[in-house]
Structure formats: structure tokens, C-alpha cells
Amino acid sequence: MSTVKPSTMPTMPALARALPKVEDEIRALATSSSLPIVNTYTGRITAAGGKRLRSVLILAGELAASGMITDKGMTSAACVELLHAGSLVHDDLMDNAEERRGVRTVNADWGVGPAVLVGDFMLARASQAALDQISPYAASVLAQSVTNLVEGQVLEVLDLYNAHRTPDNALRSIELKTGALFEVGCVLAAHCADADDATAAGLSRFGALFGLMFQILDDLLDLASTAERLGKPVGNDIRQGVYTFPLLRAITSDQRALLEKRGRDLTDVELDHLLMELRETSLVADTLAHCTSLAAQAVRALPDLPESEALDVLRELPGAYLDWAASQIA
């Protein structure tokens, strides 16, 4: 399993035992089609790994709220990760991406139509597993998260190459696209723990804020890191016309005019110059300060639970991820 950074991931015995089981369940669900060709692609996608932060939040949340990690909790983690993976198949298709995490995308290898179907299979399989193995409520909240994800993506599409997009519009899109998946994970953690309403609300708020911070940092790295550190080209969001929250807060009137005029025709030289100019501003400092505030808000949102290692993991994870992201900035 790929991780963010060894120092940012928990080493608690209970979590260390549960995470490989979640990985096995992700792979089993992903490759459960009756059609081998579908399993070939879904298996390859899930085997490429990922940060699995959503799994950690779900498992640690359930453990903090109830003192145990249940089979339903592990299935919840697998379902959320599978749903996330399916949404990435669709993202790659919309972006015409050819590679993700060192693996050829479905659309690059098999074509546009099949990529739609493979992504759809993964989304549907996640909701079906939630209904069969967790509860109707779990299936319902997962389905709602797909609705939110789609609406967030639509808001982004409506603002493509819009140099006058507002920071608030960018935030609303990522609240739905990214924050919702972190939030639903924490909602499922509370559900599997049979937590009371106050605990569920606190965990839900924690997940939403952490997800928002996570995406803003990801957007910042696309502007302020390097291809060598990230393992992929930087500036992709600008190339694709996705003007993100960090960019919109830092951009000058001249830079906005450049994007408005050149937009889809922006050359690599122009993009490199724009990135260089942005890195000479307060872009990094201001965005990290904003994310530091979000991390603090997330920790404050955590419910009043008995002290435990699992609760410590939840408290420490936003700051640890923030520190890792800061270390990747050029």
C-alpha cells in the first residue's frame, strides 16, 4: 500500500492489523465482476494503491468512538476507497490523462466508453457492498456522497477557463468533490460505532474540514512543488482550466488578464513564467496559514471522547499531513 509519508501514518497495532484487511477487501470488491476484462482494469487501478487517508480516518474514528474496529468498519473503509477510485477513473477520462500513479489509465488503454463503464462499476459496487454488508443507511450516505461529488465536478466544469472564478466558488466545488468523501467516511465511522448524534456530528465536521484542507494543499502543490517531488508535472490545473482556491487568492490583475486572454492557448513558457511569478508572492505562506487554520478547526470539531491512541491519531493527522505537504514545496 502506498502511503503519504511513513512519518504521517499511524503505527497503532489495531490500525496496522486492520489496514491490510481493508486493502484485501478493496481488491475483492473491485474484482468481483463476472467479466474478467472488467476485473483486469479495476484490479490494476486498486493495486496502484494510494494514500488511504480515508481508511485511516474511518478506522481510527470507529476505534476512538467505540474502542474497537469491526468488520463493518473495515467494509466501510473499503467502500469509500472503492468509490474514490471509481471517481478517479472518471476524472482521468475528463482530463484525458494517460497515467496515474505510474499506471496507464483505463481511457488511455481501453478507450473512453469502457472507462465510463469501469468507473460506473466501481461506484455501484461500493454502494451495493454497503447495502449488503453494512446497512441501508450506509448505502444511502454513500450514494449521497456520489451525488455531491458529481455536483462538485459540474461546478468545476462550469468554471473551466473562467479567469473571474471566485475563491468561494472554488471552495464550494472542492467541499462537494473532496470534502464530502472525507466527511462520509467519518459519518460511517460513527455509524459503525453506534455513536450518539453529538459524536457523529463532531466526526462528520472533522472529516469535512480535513478533506477541505487536503484538497487545498493538493492544489497548492500543483502550483508550488516540482515534477521531481510529486512524480507528475506541475501546473496541470492551469493547463486544464481549473483555477483553484490558492491561485484565485494570489493572482494579480495582470495574471488574471493573461489567463482570460490566453486560457486554453497558454504555452509552456507562459505557464512556467506564471508559476515562477506566483512563487515569488505570498501564495505559499497565505495558503499554508489558511490550511493551518482549517487543521485547527478540524481538531476542535472532534467530539468529546475518552482519551485513546485512536483519538490521538485523529488529532495529529491533519497537522502531520500539513507538514508533509509543506515539505514538498520547492
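Trainee: How do the residues of the lining of the largest cavity divide into nonpolar, polar and charged?

Mentor: Please bear in mind that this is a predicted model. The lining of the largest cavity comprises seven nonpolar, two polar and five charged residues.

Trainee: How many cavities of 30 Å³ or more does a search of the whole structure find?

Mentor: The search finds one. The largest cavity holds about 150 Å³ of space. Its lining has 14 residues, and I45, D92, R100, R104 and T105 are the closest to the centre. Two or more lining residues come from each of α2 (36-47), α4 (71-95), β2 (103-104) and α5 (106-109). Helix α4 gives the most, with four residues.

Trainee: Which elements give two or more residues to the lining of the second largest pocket?

Mentor: A pocket, unlike a cavity, is an open set of points. The second largest pocket contains about 250 Å³ of space, and 16 residues line it, with E175, G179, A180, E183 and A208 nearest its centre. The elements in question are α7, α8 (167-192) and α9 (197-224). Helix α8 supplies the largest share, eight residues.

Trainee: Why does L158 count as exposed?

Mentor: The cut-off for exposed is over 50% relative accessible area. L158 counts as exposed because its relative accessibility is 65%.

Key: Residues numbered from 1 in each chain as written. Predicted model: local features only at pLDDT ≥ 70, side-chain atom pairs only at ≥ 80, totals over all residues. Heavy atoms only, no water. Buried < 20%, exposed > 50% of the residue type's maximum accessible area, 1.4 Å probe, protein only. 1 Å grid on protein atoms, 1.4 Å probe; cavity = no way out; pocket = protein on both sides within 12 Å on 5 of 7 lines; lining within 4 Å. Points joined across faces, edges and corners; volume = space filled by probe spheres on them. Nonpolar A, V, L, I, M, F, W, Y, C, P; charged D, E, K, R; others polar.
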